[in-house]
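Hello,

Here is the structure I said I would pass on. Please have a look at it first; my notes follow below.

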Amino acid sequence: MIELEAVYHRSGLNWSYAYNESTVHIRLRTKRGNVTQVRLECGDKYNWDKYNESIAMERFGSDGLFDYWQATISPRFRRVVYYFALYGEAGETVYFLEKGFFNTPPTILYEGLFDFPYLSPEDVHSPPEWVKEAVFYQIFPERFAKGDPSIDPEGVLEWGDVPSPTNFFGGDLQGVLDNLDYLVELGINAIYFNPLFAATTNHKYDTQNYMLVDPQFGTNEKLKELVNACHTRGIRVLLDGVFNHCGHTFPPFVDVQQNGPASRYADWFHIRDWPLKEEDGIPNYATFGFEPIMPKLNTGNQEVKNYLLEVGRYWIDELGLDGWRLDVANEVDHTFWREFRREIKKANPDAYLLGEIMHDAMLWLQGDQFDAVMNYPFTNIVLDFFARRRIDAIQFAQSINAQLANFPQQVTEAAFNLLGSHDTVRLLTLCGGNKRLMKLAVLFQLTFQGTPCIYYGDEIGLDGEHDPYNRKCMEWDPGKQDRELLGFFRRLIAMRKAHPALRGSGLRFLTVTGHPQLLAYERRDEQDRFLLLLNNNENECSVTLQSSGMNRMWLDACSDADVQRDEGTMQVVLPDFGYAILHISADTGSDAILLSAR
């Protein structure tokens, strides 16, 4: 019997949306394993008799509770009304309309159906196309490289000493310039910089001057030189915009500190009472967290709004900047972000707007605010399987499928997929120092859709617990770098860039009975088909591949496994925490894959 309480659809959000200017995706949720087939019955609301069709929906993913179905349509007149026909195992059929469930199909087709009123090109959420091809590298400027000792801050320590929340090592923009070729060799084509503007701390999230590069990093002219040098090498540049709060040395806040409620800037901040003070660690004015040196800006104030919009536009125009990463974005009002998007896209339609949001971000991803968010839900799923060992391969696949169902496809294609940052424990440390385990997590990241981001130094084996140890100095001595790990990153990035199938949306997980830590999945498009086997276990695992006689055509694309071909089968012996990447041309690989393991 079809369990109707599990069936869900509503118009809009991730359930019915314009994928591009001619295509609409329609999705439905049903109880896992409860419905054998779903058909989308759809047509034009003004002439259903002439313009209608019945489309078999594809079950594109499942989690622990639900199956998710999708149909792709191209409405002839840019509008469509629709309902669903659900089929159960016992021959049961249920029709699902906006107005409810019925045992017979509707006879009045202009009443009670789901409605996608009109596909307006202006409403299509279209993140920049270049983001789909990007491999980002996050640079914490104070700790990446030192190029100009003459601008070192006072009390600078020897490069590579033990970091603290307050010390300085002299990393600067010239240091980045000097090492751009290293990034090109790695395969990087986009950089995300932590804040570069004048501030008092080593992390620079307490902005003093939004229009001035911090003197310890260089000058505005040096930043422009760096951006130009990046663009010459095909590298896009993203700056960190801290618009939720400023620093305690920001001149308007200094004026408030000096003049109290008489300050002309008093309404630039959220001040509960006067004078400004801190009691039991809690300031009487709004801040980032409870940090007194980071007062929260009142983006509902028109002067504040105008100032920050000017900042956003200025750096886009001045540098040819490729976008903004927006700090603490979920604590700033939606109205501000809508205006910010309009202004930035007017200055550079191809700019990438990336919000820092660590939870369900659908409200910010409807095409009127951000192109993408830092995909921390993805981060946690990957870390829970590989690093923390909290879930098995089935639970991992179900969690990824649930996330894919939670967002429109173009949102997933532009998502910022990271495994670590300046705010988290280093990936190698989370993996207990196990480099082979770390490689598996990176392998999945680099063969998944969305744009991957590598935190500086992960590729050469930097480790570190939470701040400040995750912000240690980059190691530039080749003798102290993990060169084998660096080679792994280079090979995987090159493979991702060479094969669109590894960054596209064609994904299917495979189940291997009896091996809860063996992750198997397919990545494919019209040209290529990849099978990836990841043994997230300390024991060796032997996998047998059968694919209707096609096994001889599978090639070993990149593995640390022993791959053997026998008559009618293929044997892949995966060492502990080993992997295999098998490749076949898509036009010869349409058959189903059967996997068994021991």
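**Salt bridges**

The whole structure was searched, and 40 salt bridges turned up. A salt bridge here is a side-chain nitrogen of Lys or Arg within 4 Å of a carboxyl oxygen of Asp or Glu. Side chains of opposite charge can pair when their charged atoms come close.

Before the details, two notes on the source. This is a predicted model: local features need pLDDT of at least 70, side-chain atom pairs count only at pLDDT 80 or more, and totals for chains, interfaces and linings use all residues. Residues are numbered from 1 along each chain as its sequence is written, and side-chain values use heavy atoms, with hydrogens and water left out.

Take D322 and R236. They form a salt bridge, with the closest N and O atoms 3.5 Å apart. D322 sits in the loop between α6 (302-319) and β18 (323-326), and R236 is in strand β15 (residues 236-241), so the pair ties together parts 86 residues apart in sequence. Helices (H or I, at least four residues) and strands (E, at least two) are DSSP runs, numbered from the N terminus.

D322 is buried, at 7% relative accessible area. R236 is partly exposed, at 28%. Buried means under 20% relative accessible area, exposed over 50%, and partly exposed in between (1.4 Å probe, protein chains only).

D384 pairs with R390 in a salt bridge; their closest N and O atoms are 3.4 Å apart. D384 is buried at 18%, while R390 is exposed at 60%.

K472 and D463 form another salt bridge, at 2.8 Å between the closest N and O atoms. K472 is partly exposed at 23%. D463 is partly exposed too, at 35%. Salt bridges with shared partners also join D240, R325, D327 and E356 into one network.

**Cysteines**

C473 is buried at 7%, and C558 is buried at 13%.

**An exposed loop residue**

E540 lies in the loop between β25 (528-535) and β26 (541-546). E540 is exposed, at 59% relative accessibility.

Best wishes
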